[in-house]
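Dear colleague,

I am handing over a structure for you to look at. My notes on it follow below.

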Amino acid sequence: MDSQIMKDFLKGKTILVTGATGFLAKVFVEKILRIQPEIQKMYLLLRASNTQCAEERLQNEVFKIDLFRVLRERWGENFSSFISKKVVTIAGDVAKENLGIKDEKLKNDMFEEIDFLVHFAASTKFNERFDILMDVNTKGALNVLNIAKNCRRLKAFGHISTAYVCGDAKDGHGILQEKPFEMGQSLKKDSKLDIHKEMDLIKRKLAELQAMNVDENSMKCVMQDYGMERANFHGWPNTYTFTKAMGEMLLMHKKDNVPLIIIRPTMITSTRKDPFPGWIEGLRTIDSMIYGYGHGKIKFFLGNPNTIMDAIPADMVINCVMTAIFFHSNEPPKNFIYHISSSLRNPIKSSDLHNICHHYFMKTPCINQNGKPIIISKGIVVNSFAAFNIFMIIRFVLLLMVLNLVNKICRNSFKDVYDNQSRKFRVLQHLAKLYKPYAYFNSIFDDTNVEILRMATKVNLKTKNDELDFDPTSFDWKDYMMNIHIPGLLKYHKK
């Protein structure tokens with residue numbers, strides 16, 4: 001699509017963005033402000049106790065970061081003035097009714113002015129406390145929907161989910177469709193999901209723990225484990241995807257006439273080109289393995305070599321979001337669930353990623369604290385979880401048993417070594433457990449709806465390097481990983 005059409009479309013519009021300090025939300029906010037400075041207004045909601053705290057967070061965590069350098073350079077000394085004219089900071093919380101907004105005038109202004117609402121806010125930790133994830137990802141989606149229902153001129157409500165709510169096809173490579181959930185649908189055929197029951201179970205568990213006077217850390221651990229238990233019971237790999245799926249169910253069941261769009265990205269990587277290549281924040285899914293491998297901390301690659309690692313650059317996700325909003329605002333939606341993914345049209349296998357990483361770090365090694373290059377080996381490919389357990393026994397368990405015995409004989413002379421190895425063992429076990437469902441993922445994601453959206457944009461396609469590109473076939477994985485993603489990851493994640 002010609003970006004001028006999008007610019008004209010956004011001119012004079014007002015947008016509400018939740019979770020404004022989140023990774024994807026920042027890319028969205030930057031893009032809107034850069035390509036169309038003549039938007040009417042952008043309401044940015046973020047969790048904070050008051051407006052002053054919210055504004056400080058917004059400045060420090062959003063507008064001062066490197067992602068906004070192109071915009072800052074464009075506006076120069078007028079940047080702060082531009083932001084203050086276009087952005088309204090809202091202190092709130094999606095987990096609360098009315099998003100925690102107490103100012104009635106502000107609420108009424110929003111209801112009258114908002115054209116688009118894009119809901120990014122989410123808690124994305126796989127094993128966060130069950131109660132926290134339920135409040136943010138499930139109840140939060142419903143709270144945002146209730147705000148959307150009151151927005152009198154709303155043209156589109158975009159909800160950012162994750163493709164992994166679909167679970168996995170256990171019986172070999174299957175194709176996961178862009179289909180909505182039915183209320184109460186479970187990923188296990190023999191079970192029925194009752195969202196209200198899950199909420200009641202959380203209340204009972206919290207009351208039980210409070211009655212036992214457990215400390216905060218113990219409560220956190222219990223609620224983390226309880227969330228994983230309930231997620232696995234219904235067929236989801238972790239509490240995050242479980243609560244996101246329940247959020248989708250509530251949206252579908254209660255949306256009424258709200259023009260809902262659900263965007264399901266797969267694993268999100270650094271920006272491919274917009275506003276510049278390689279920007280990323282934090283270690284995201286596959287990045288923990290890449291970073292640890294490059295720094296010599298991980299000696300193995302967990303996963304079947306033929307597993308397809310479905311990833312997509314962040315700016316392509318945002319381009320899809322913006323395009324979906326554009327088309328759904330101009331015609332009644334036929335499809336409203338979109339898998340923005342790469343596994344069907346431009347797959348990258350686990351073995352490909354392993355080879356690329358090895359090639360990169362052999363060519364450009366990381367530097368240790370002493371200023372010397374970190375020499376890496378090719379590493380071991382652990383192609384099953386049973387093999388991983390054997391590897392851990394050989395690499396750690398036997399060593400820890402010997403060290404424990406030596407410490408008893410030598411009065412803890414090697415206690416520091418034991419503690420260090422024990423810590424590594426626990427961290428690797430934890431990471432392996434969390435990422436096991438993705439390392440041995442059996443499915444690929446259908447993106448028919450996204451392809452229809454891409455085809456619709458070609459009516460107005462004018463250049464190959466279009467600013468709104470979200471076609472996964474438009475780039476080469478090796479080139480992207482070697483020249484953009486891994487350098488960006490190392491640049492922006494420095495300890």
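Which residues point one way from strand β11 (residues 337-340), and which the other way? Ile337 and His339 point one way, Tyr338 and Ile340 the other way, and all are buried (under 20% relative accessible area with a 1.4 Å probe and protein chains only; exposed is over 50%, partly exposed in between). Strands here are DSSP runs of E of at least two residues, and helices are runs of H or I of at least four, numbered from the N terminus.

This is a predicted model, in which local features need pLDDT of at least 70 and side-chain atom pairs count only at pLDDT 80 or more, while totals for chains, interfaces and linings use all residues. Residues are numbered from 1 along each chain as its sequence is written, and side-chain values use heavy atoms, with hydrogens and water left out.

β11 pairs with strand β7 (residues 260-265) in the parallel sense, over four bridges (pairing requires at least two DSSP bridges between the strands). Within that pairing, Tyr338 of β11 is the bridge partner of Ile263.

Helix α9 (residues 216-233) has 18 residues and reaches 26 Å from its first C-alpha to its last, close to the 26 Å expected at 1.5 Å a residue (1.5 Å times one less than the number of residues). The buried residues of α9 include Met219, Met223, Tyr226 and Arg230. The elements that cover the buried residues of α9 include α7 (130-150), α8 (195-211) and α10 (239-254). At the N-terminal end, Asp215 caps α9 with a side-chain oxygen 3.1 Å from the backbone nitrogen of Asn217. Just after α9, Gly235 has a positive phi of about 100°.

The whole structure holds 25 aromatic pairs (rings of Phe, Tyr and Trp, the last by its six-membered ring, with centres within 6.5 Å; planes under 30 degrees apart are stacked, over 60 edge-to-face, the rest tilted). Phe326 and Phe327 make an edge-to-face pair, because their ring centres are 5.1 Å apart and their planes are at 85°. Phe326 is buried at 12% relative accessible area, and Phe327 is buried at 15%. The pair of Phe441 and Phe445 is stacked, because the planes are at 20° with the centres 5.7 Å apart.

Two charges sit over rings (NZ of Lys or CZ of Arg within 6 Å of the ring centre and within 35 degrees of the ring normal). Lys13 has its charged end over the ring of Phe9, 5.3 Å from the centre. Arg69 lies over the face of Phe276, 3.8 Å from the ring centre.

Regards

Terms used:
Contact means heavy atoms within 4.5 Å. A polar contact is a pair of N or O atoms within 3.5 Å; within protein, one must be able to donate a hydrogen and the other to accept it, and residues adjacent in sequence count only if both atoms are side-chain atoms.
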